Amino acid sequence: MPTDERLSDDQLQRIANDLRDNWHTGREVDFEEAIAFHESLPASKQFATVLESADQPLLQPRAGVPCLEEQIDLLRYLQDEGGADLLPTTIDSYTRDNEYEKAEEGLAASRGSDENELNGFPAVNHGVEDCRRLIRALDAPVEVRHGTPDARLLAMVTLAGGFQSFEGGPISYNIPYTKRHDLATTIEHWQFVDRLCGAYTERGVTINREPFGPLTGTLVPPSIAIAVMLVEGELAATQGVRSLTLGYGQVGNLVQDVAALRALRKLGNEYLRDEVTVTTVFHEWMGGFPPDEARANGVISLGGATAAVAQPDKVITKSAQEFQGVPTKEANAAGLRTTRQLIDMMIEQDIDLGGIEEEQALIERETRALMDAIYEAGDGDVAQGVINAFDSGALDVPFAPSDAAKGAVLPARDDDGRVRIFEFADLALPDDIKEIHAARLGERAETEGRDQSFRMVADDVDAISDGKLIGRPTGDNGPAGGASDAD
């Protein structure tokens with residue numbers, strides 16, 4: 001079982017040498033040459049510098065296509081027409097599964113076709129020089145966004161290629177994304193990634209790391225998401241990472257989302273060591289979207305309003321075409337502009353929302369209880385503790401496909417639309433907190449004239465795509481809500 005100890009320089013080098021033969025572009029990686037390339041970049045392309053010095057939320061979309069020139073054109077459009085402050089390169093699914101042969105076939109097919117045969121940019125196949133061409137061609141810093149349980153070779157190639165931010169982590173890119181990867185192995189893989197980022201940082205090239213906050217993206221209780229962020233942050237800090245962006249995915253209730261983002265920042269600064277600079281990122285709605293683009297713009301606007309009040313350091317934007325899949329560049333840019341408009345109109349307003357302090361205190365209590373259970377499960381070692389906590393169910397993620405998690409916790413919304421826990425299973429929360437959740441869900445059940453049941457959970461999963469926040473029952477006997485025009 002892995003422990004939360006820093007990899008030695010010899011271990012880092014040995015693993016890197018082994019990885020070079022996984023795909024031929026791995027042999028292009030030269031650490032000293034990579035340092036020199038990073039040092040040649042202006043401050044405007046240094047991700048941590050731009051993010052950590054911003055005085056209002058920066059905007060970043062998701063975007064990735066297979067071919068280099070098309071990826072450059074796409075990101076330029078989002079930069080120039082969408083006003084993106086930070087840029088992404090979303091990696092294709094074959095690379096996420098380390099299937100570089102299939103990614104190569106898809107890249108070749110895409111080069112000879114008007115259609116994209118991959119759903120992202122196969123950075124490992126492109127190699128170091130193509131990555132540097134992309135970095136040189138753009139004005140803003142660029143981050144690697146992916147979903148890879150074993151991202152070691154991807155990190156080697158893209159960091160050598162000039163990327164200065166790398167998303168993901170051993171829990172957030174395992175539990176929500178895969179079924180059969182065991183947590184101990186992904187922690188070991190990501191210890192290499194984080195140690196590599198730490199090695200760059202120690203040479204004066206600060207690599208920003210961003211654990212994936214939304215997890216399964218569906219009604220995730222804030223305390224669970226924050227606990228995972230803190231664990232991944234602690235594991236990264238041990239390996240020498242000094243710029244950490246902790247993430248959180250919108251649940252849709254304005255008060256709860258603002259409270260959660262404030263709790264995330266506070267707890268991040270409390271739990272992570274002093275030499276780490278903690279920033280936060282807010283992901284706009286990650287669940288199902290209404291098929292009607294006008295209604296979808298309403299969902300995006302709520303995200304922009306939330307960001308204006310909570311003021312995270314970064315916002316990951318969405319488009320009005322989320323329902324149909326990968327958006328056009330025009331729709332992607334429009335999502336950026338919609339969010340920016342809301343933030344620009346609201347950020348200087350003094351908006352006082354009742355209930356934020358109470359909700360934040362509840363989230364902090366829950367998160368501390370989960371973190372205490374993790375430390376106890378590992379006798380103080382966070383790596384061992386998080387593995388044991390997931391194994392016992394003391395820590396869990398709802399709707400997770402992974403065999404490494406119980407997936408027994410079930411969330412539902414209360415009468416105000418805040419995400420509460422309907423089924424706790426073995427989640428390590430005290431009885432008085434469980435009673436608060438049960439009481440809030442009981443209020444909703446009374447309003448709707450029905451018993452608390454799994455039906456509430458299922459109704460809430462589909463609610464946003466049906467044009468509502470809370471999955472109220474419909475029909476002649478149902479109270480508030482009713483059928484949506486989006487149907």
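This is a predicted model: local features need pLDDT of at least 70, side-chain atom pairs count only at pLDDT 80 or more; totals for chains, interfaces and linings use all residues.
Biologist: Which residues does the UniProt annotation "binding site" cover?

Modeller: The annotation comes from an unreviewed UniProt entry and covers Arg 62, Arg 96, Arg 145, His 146, Glu 167, Tyr 173 and Tyr 177. From this set, the lining of the largest pocket takes in Arg 62, Arg 96, Arg 145, His 146, Glu 167, Tyr 173 and Tyr 177.

Biologist: Is His 146 buried or exposed?

Modeller: Buried means under 20% relative accessible area. His 146 has 3%, so it is buried. His 146 sits in the loop between strand E3 (142–145) and helix H8 (152–160).

Biologist: What does His 146 touch, not counting residues up to four places away in sequence?

Modeller: Contact means heavy atoms within 4.5 Å. The residues that His 146 touches include Arg 96, Glu 167, Tyr 173 and Tyr 177. The side chains of His 146 and Thr 148 are also joined by a polar contact of 2.8 Å.

Biologist: Where does Tyr 173 lie, and which side chain does a polar contact join to that of Tyr 173?

Modeller: Tyr 173 is in the loop between strand E4 (165–167) and helix H9 (183–202). Its side chain is joined to that of Glu 167 by a polar contact of 2.5 Å. Tyr 173 counts as buried because its relative accessibility is 1%.

Biologist: Where is Thr 95 found?

Modeller: Thr 95 belongs to helix H5 (residues 93–96). With a relative accessible area of 1%, Thr 95 is buried. Leaving out residues up to four places away in sequence, Thr 95 touches several residues, among them Tyr 100, Pro 122, Thr 148 and Leu 154.

Note on methods:
Residues are numbered from 1 along each chain as its sequence is written. Side-chain values use heavy atoms; hydrogens and water are left out. Helices (H or I, at least four residues) and strands (E, at least two) are DSSP runs, numbered from the N terminus. Buried means under 20% relative accessible area, exposed over 50%, partly exposed in between (1.4 Å probe, protein chains only). UniProt positions are given in the numbering used here, feature names are shortened, and annotations may be inferred rather than shown by experiment. On a 1 Å grid over the protein atoms alone, a cavity is a set of points where a 1.4 Å probe fits but cannot get out, and a pocket is an open set with protein on both sides within 12 Å along at least five of seven lines; lining residues have an atom within 4 Å of a point. A polar contact is a pair of N or O atoms within 3.5 Å; within protein, one must be able to donate a hydrogen and the other to accept it, and residues adjacent in sequence count only if both atoms are side-chain atoms.
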